[in-house]
Amino acid sequence: MSFSLHPITPDFAAEIGDINLREPLSEEEFTSLESAFNTYSVLIFPDQKLSEKHQMKFSSRFGPLETSIQKFRKGVKLRLGPKFADVSNLGPDNKLLGEDSERRLFNSGNQLWHTDSSFMEIPAKCSLLYAKSIPPVGGHTEFVDLRAAYDALPKKIKDDIKGLVAEHSIRESRIKIGYKEFTSDEVSSMPPVPQVLVRNHAGSGRRTLYLASHAARIIGLSDKEGKALLAELIEHSTQRRFVYIHRWRANDLVMWDNRNTMHRGKPFEDLRYKRDMRRTTVRDVASTCEQEGIHP
Ligand code: OGA
Ligand code: MN
């Protein structure tokens with residue numbers, strides 16, 4: 001291993017030093033990184049100077065990159081290439097989004113606990129978020145350890161939720177923040193998708209919850225029961241003891257595992273300060289139901 005690994009917590013977050021992500025990784029470095037990523041769900045690479053190309057190249061070592069859903073949205077002009085989710089508060093002209101900006105409201109959905117792309121049949125394996133510039137205060141990102149949260153559940157609840165499947169949709173999380181601008185074409189092109197509630201984490205073999213604010217209901221339960229169970233599990237998982245708070249420095253690249261974590265962005269004075277954050281997202285190998293051998 002040619003880089004250095006500095007655990008921040010015993011088995012959830014670690015910082016990786018002595019590596020330059022602009023340079024191609026050797027097979028050996030890649031294998032060591034993957035192995036670190038199986039233990040630590042959040043890896044922080046400080047002090048990286050990355051162009052869009054560098055970020056895409058490094059990210060795609062972990063699998064195929066998603067194309068941003070923004071690309072398919074009507075009338076949305078992109079500031080970054082189509083392989084990027086632009087989670088900044090900037091428009092295509094690099095100026096701050098205004099108070100009434102539709103994208104500002106849409107992106108505020110990232111302040112709800114979620115895991116990326118669980119509203120897609122094959123959701124995200126991992127995300128890589130690069131901080132090109134950050135505000136002087138606020139705008140942290142919180143990550144929750146869903147393997148630890150699963151381990152800490154009482155046995156009765158583990159038994160009760162075994163084999164359950166939830167339906168996730170982007171509309172659900174956006175309705176929660178008051179965003180209603182989806183066209184009927186968008187609604188029909190992004191139907192709810194089934195995702196297991198508990199899954200095996202491929203990298204470590206540990207069981208994990210799989211939760212997000214995109215989850216709307218649980219198949220086989222009434223709306224009321226399903227929502228109550230989802231709320232209870234999210235409340236359990238997001239206790240402070242399971243959370244790592246990342247306080248960004250400019251030029252941090254943070255990579256997280258979407259298969260066993262949730263995250264959310266914290267507010268900052270976004271009408272006053274720039275926060276230029278760019279995410280690449282790696283697709284998982286198959287839908288969660290297929291991976292668990294469940295056919296809803
Ligand atoms: C994301 C995300 C939160 C943040 O990039 O997927 O949810 O703090 N970001 O920007
Ligand atoms: Mn996200």
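Start by selecting Lys 155 and Asp 159: their side chains meet in a salt bridge at 2.8 Å, N to O. A salt bridge here is a side-chain nitrogen of Lys or Arg within 4 Å of a carboxyl oxygen of Asp or Glu. This is a predicted model, so local features need pLDDT of at least 70 and side-chain atom pairs pLDDT 80 or more, while totals for chains, interfaces and linings use all residues. Residues are numbered from 1 along each chain as its sequence is written, chains are lettered from A and ligands numbered from 1 in the order in which they are written, and side-chain values use heavy atoms, leaving out hydrogens and water.

Still on that pair: Lys 155 and Asp 159 are four residues apart in helix 5 (residues 155–161), so about one helical turn separates them. Helices (H or I, at least four residues) and strands (E, at least two) are DSSP runs, numbered from the N terminus. Lys 155 is exposed at 59% relative accessibility, and Asp 159 is partly exposed at 42%. The cut-offs are under 20% relative accessible area for buried, over 50% for exposed, and in between for partly exposed (1.4 Å probe, protein chains only).

Next, pick Arg 264 and Glu 142, another salt bridge at 2.8 Å, N to O. This one links distant parts of the chain, with Arg 264 in strand 14 (residues 261–265) and Glu 142 in strand 6 (residues 141–145), 122 residues apart. Arg 264 is partly exposed at 22%, whereas Glu 142 is buried at 9%.

Now grab Arg 79, Asp 86, Arg 103, Asp 276 and Arg 278, which are linked in a network of salt bridges. The count for the model comes to 23 salt bridges.

A cavity is a set of points on a 1 Å grid over the protein atoms alone where a 1.4 Å probe fits but cannot get out; lining residues have an atom within 4 Å of a point.

Last stop: the largest cavity, with about 290 Å³ of space. Select Ile 69, Ala 85, Phe 106, Phe 119 and Arg 279, which lie nearest its centre among 23 lining residues. Strand 4 (85–86), helix 3 (102–107), helix 6 (170–176) and strand 15 (276–283) each give two or more residues to that lining.

Technical notes. On a 1 Å grid over the protein atoms alone, a cavity is a set of points where a 1.4 Å probe fits but cannot get out, and a pocket is an open set with protein on both sides within 12 Å along at least five of seven lines; lining residues have an atom within 4 Å of a point. Grid points are joined across faces, edges and corners, and a volume is the space filled by probe spheres set on the points.
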